[in-house]
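Have the sequence and the 3D view open side by side as you read. We will stop at a few places along the chain and look at each in turn.

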Amino acid sequence: MKSSAILPFAVVALGVMECYVTADFFEPQADQGEHEYTGRYMYFPRDPEEKDYDDGKVENVEEEMEKLMEDIETVHELPGHNFQFRDRDKPKDDFENSKAFPAQSFQFRDGDETKQIFESSRVFPEKDSQTPEKETMGEFLEEPKNIPEDHIRFNEQGHIEFVKIKAKTGYNDPLRRGEGQSPRYGANPQLSIVLKNGGEYRAELRYKKYPGHRYSIEMNAKTDFTPKLSCTRGDIDKVYLEARGGDGWYVASIDIYTAGWNKIYSELTTDPGFSMWVDNDEEYYYPYNAKKFLLTNAVAGTCITYMRVEATTGTMDGADSSHSYIKHKSHWIVLTLSNNKKFQAELEGPMEKGQTYMRELNFASRFGTTRCVSISDIKEIHLKASSNPRDDWYISSIGTSVKTGVEQYMDLTSDPNLNKWLGGHHSNEIKLNWVHQETLNCEYGNPTCECLAHAQVCKFNLEIDEIRTFTSYQKLSVDEPTGVAMRGSQGVIYYFGDVGLPTPLQNGRTCSTQDNAKCTNPQFVDGKTYRLVIAVNGLIPGPTLIVHEGQMVEVHVHNNLTTEGISIHWHGMHQKGTPWMDGVGQVTQCQIGPSSTFTYVYKAEPAGTFWYHSHSGAQRTDGFFGGLVVKESPEKMIQIREKLNRHRAFVDLPDQHTLTLLDWQHEASLDLFTQIHTSLGFYPGKPFGKVPTKADLQRRYNSTRSYEEGEVGPVPYFSGIINGKGRHDDVPYIKTRLSIFTVQAGKTYRFRLIGAQNLYAYKFSIAGHKLTVVGTDGYWIQPVEDVDYIIIHSGERFDFLLEATNSRKDYWMRADTLEIDQNGQGPPYKSLGHVAEAILHYERDGDSADPNVNVPSTKYEEIKTVSPAQQCSAYDPCKAVNCPFEKFHTLYYITCINVQQLRLLEPTPPAELPNANPKTPQECPNCRHFINFNFEGDSQTSAVNGRNFILPSFPPQTQTEEFHKKDNICDLKADCNPSTPECSCVQVITIPYQETIQLVFSAVGAFHNAHPIHLHGHTFHVVHVGYPEYDPKTGFITKHNSDIYCDDVNCKKENCVKERCTRPQWNQDNMHFSLDSYTIRKDTVMVPAGGYVVINFVSDNPGHWFLHCHIEVHQLEGMAMIVNEAPDEQSRLQPPKEMNKCGDVEISVQTYQKYQSNFQRMHA
């Protein structure tokens, strides 16, 4: 063995026409400057076209680079690049020895989202996926390899004038125990850049090198490379680190940067966990080829570049393994791919007793791959024992994770309680457990829960409980799926003290001190209302569930309510082929009874912003709802970003930037319903719980009106909450909590807005910011820029981009109702000021992980004061998206972009595109239906064509025969003017299979109300919107749209009301419309008061689909019906037998997939 130590630093094969380079210095640097620098600069500057497109970050490169160059000129050491590791993922001491990592939870957080992949990084050479059949690892390592382009592809850029190498050597390396690594031994390593034209350029990494130091060397392309380096980044093919002689050097991390004459550096390669020896001889020491290493291209990609193995060795005698570096050849990590081919890498020792073991494995070098291996390629991961029978290892816990390109590590397997021996006289092989096989409970108090992108099945457990607001409950450990229950547990009421701190009312109890491990978090809602609510996993709203497009979702729901049955509708999921998973109580399934469990299984498609909510009784607006986000596949996001053009660079953090809006009430929703349903009225100011008297008639509440004088507020507005937090008007800001949404200056973010309201539409805005609307109801749309207001109704969703370009740190977010004050003069009429509020916070240095610390309630009033509501004027007009009327009166100075003006970003696939006009009634009698939503009957209750929908006794989707035998079924032909008992019925319309279906929704009749209409099982194209006539002086409705003819005007029956509209039709027979592949698609649409909406869709999803107004009290009163789609095909789709009974219903993914396969075979 030679005694000369070298740090064979890299041969970087960069394909360029020809390139230059020169070494200015190569000296060990102190660590302090690097930490200082890393705190200031999150990223190295890079080409905004390529790099910004990839990671969604927008930066002020010039400003940041001025700071960067000042540091470079004054500090010899170029500080460490920040690779955006979460705190728990950051290597301690900057990869020192590549072992000092904190303990991992093996849970990949949503914030560590996968960046989108460059098209260029996905072009791989044609490869045979067979693993080379070599007799020995040595033969395999020596064979020249055709490396996947994810490892070597580089971005085009200007001419390279300088190359900078940043690296760190290790101290206590795993193989050599610090032996070697002395400046007196051997030749220096070299960097090798290989161009696409075959040109090869090398430069020595000069100067002395010591173990455990950081190095930065800047090389001039013309004077330091042989031959002179003259090329662009686009010319570079590969970059290598090569050994040149003597003893080796242990390289903990290494990164390569290039720059032009301006010395603005951008990253070329990145290997933060390199963790290998670079050595020219002594190859018998290493389980890899230590002479030459291909460095990893610093772009996103799909090929795995690194694998991390973290384990804990047991404490009993003999638990450790591979003590001596001479016997480093130890155990193996083995990957089995979906084609059953295997790759393996050696886990060199030592594995110390009672200690944490961590290795980062460079994928190309350690697994000897000749092909791209993506995460989805891996089928199984095993540990294989060493061939030494005395080399056994007791593993207490172990987890594996991988990264692709420059992405964060993503967990693959997790065995926190493995407790097994490997090797010796014990198991020679151990199969590790995939993370996606673990159930995600979302825990009590966790507002989001994300499934890993590589998982095939995402499992969630949801507990539905009755709780009181302002109360913390002790978590009882029980044998439930979540391991937690609250019924019968001890509670503690919390109130806000004079200084705004939550204060326990009861002392000496377990939850008198907030301990999230033992107690739930109090739900403070609007800071005022102490009442019974329905919580999902202890939260209002329930946790946002985040899954990935195409994954199977399995949700175990346990009903802990005392008396009520429940069901959960997955709003926006089409449930194609399995309509019984739609989650409508008494329509697609029996209610989930108290103390019962039901398993929902469905496929996460399409991608976009959705939500889940109770579809039983009035539970939704009592808190029983939550967000559901289906993240787009990386391939789809590439296409989306390209089409968004200049808006393509954005950050998508659905766990942090998903907003749910709800108008909150001080009474339970069912109490409100009983007062509305029977026209009992409301008496503001009357003490809660006291019966009204004649003396109270003068205070009886009158409904409020919108800008077009449509009724919007039949119930007095109480308060509004955003993500379960808000403020009632008479509560000081210091004594409540608002939701806080954090952004970083200089970046653009995707926000998701979900309308979960009971009654009121909201006009959403953010002070000091214009919004760019890019999506609605799960579909990307052509960007609508410079938006001041997004008007969102119950059931709708909108996605928007926010550019965080402002300098001030906090801004007011508000959602105003559309109510106007008609007591004043107008137009313009003043708003009644009924709002839901939240805060946009710009991240500061030193911010806490707790947003309530960053923005305490003592600051709320000040933030609101300096964030006044938008003032629209002739000189500064405003823009609103999704108005429920044709336009604002001109004196409001607000321009409407209405739903029919929105256009899809991507064309509708031909198979999903309906015709612009359905067949004639003679060709297809049930291809067009007219459906009018209004208030009918003596009690003026919510109705569809004069009929009040009542829930069936037997769910037609699962108990069809009983439904038809025993339920009171009616259709649109029933005569309900005047109303009769037969008009309270289960209203059903039938539509044929595989036809263009046209539904004409109208809101005409005796009352002027707009209605948000939702159709289950489908999205539809909004073909046309017809508006009523408006008074040009006031903007108020004067007459409903004349395209709709109501035959009621001719009725002659006693008690018939001619102003009603129970039999709508076209006023003219020749109504024709146009439609193309970019016509907007939605699943919930607002029908304007006095107007109509025409929707078209293809009837390709057999099932019983609920169609209803999404204002909860309207639906409960009867503004709903069932669309029976393709009954003949349904008869061949019998539901699982488990669905035809009460009690627990457990349906497996395998059962679901069987039904999916049957459906696909039927309709192939």
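Predicted model: local features only at pLDDT ≥ 70, side-chain atom pairs only at ≥ 80, totals over all residues.

Residues are numbered from 1 along each chain as its sequence is written, and side-chain values use heavy atoms, with hydrogens and water left out.

Let us begin with the strands. Element names follow DSSP runs, numbered from the N terminus: helices (H or I) have at least four residues and strands (E) at least two. Strands of a sheet pair through backbone hydrogen bonds, either parallel or antiparallel. Here, two strands are said to pair if DSSP finds at least two bridges between them.

In what order do the four strands of the open sheet lie? The order is E28-E22-E30-E32, and the pairing is mixed. Strand E28 (532–536) and strand E32 (597–603) are the edge strands, each pairing on one side only. From one strand to the next, the twist averages 20°; the axes behind such angles are lines fitted to C-alpha atoms (for helices, over the stretch in contact), and the angles run from 0 to 180 degrees between N-to-C directions.

Now look at strand E30, which covers residues 552–559. Strand E30 pairs with E32 in the antiparallel sense, over seven bridges. To find your place in E32, look for threonine 599, which stands opposite histidine 556.

## Disulfides

A disulfide is a covalent bond between the sulfur atoms of two cysteines. The cut-off used here is a pair of cysteine sulfur atoms within 2.5 Å.

| Cysteine pair | Sulfur–sulfur distance | S-S torsion | Handedness |
|---|---|---|---|
| cysteine 303 and cysteine 372 | 2.0 Å | about -115° | left-handed |
| cysteine 511 and cysteine 519 | 2.1 Å | about -95° | left-handed |
| cysteine 924 and cysteine 927 | 1.9 Å | about 70° | right-handed |

The pair of cysteine 303 and cysteine 372 links distant parts of the chain, 69 residues apart. Cysteine 303 sits in the loop between strand E11 (292–294) and strand E12 (304–313). Cysteine 372 sits in the loop between helix H5 (363–367) and strand E16 (378–384).

Are these cysteines buried or exposed? Both cysteine 303 and cysteine 372 are buried. Buried means under 20% relative accessible area, exposed means over 50%, and partly exposed lies in between (1.4 Å probe, protein chains only). Cysteine 511 has a relative accessibility of 1%, so it counts as buried. Cysteine 519 is also buried, with a relative accessible area of 1%.

## Two cis peptide bonds

Next come two places in loops. The peptide bond from threonine 226 to proline 227 is cis, with omega near -15°. You will find proline 227 in the loop between strand E6 (214–220) and strand E7 (236–242).

Another cis peptide bond joins proline 827 and proline 828, with omega about 0°. Proline 828 belongs to the loop between strand E48 (810–817) and strand E49 (835–842).

Asparagine 882 is not a glycine, yet it has a positive phi of about 75°. It lies in the loop between strand E50 (878–881) and strand E51 (894–897) and is buried, with a relative accessible area of 2%.

Asparagine 1055 also has a positive phi, near 70°. Its loop runs between strand E62 (1044–1046) and strand E63 (1064–1066). Is asparagine 1055 buried or exposed? At 59% relative accessibility, asparagine 1055 counts as exposed.

Finally, asparagine 898 is in the loop between E51 and strand E52 (928–936), and at 3% relative accessibility it counts as buried. Which residues is asparagine 898 in contact with, leaving aside its neighbours within four places in sequence? They are Cys883, Phe885, Glu886 and Tyr1027, where contact means heavy atoms within 4.5 Å. With tyrosine 1027, asparagine 898 makes a polar contact, side chain to side chain, at 3.3 Å. A polar contact is a pair of N or O atoms within 3.5 Å; within protein, one must be able to donate a hydrogen and the other to accept it, and residues adjacent in sequence count only if both atoms are side-chain atoms.
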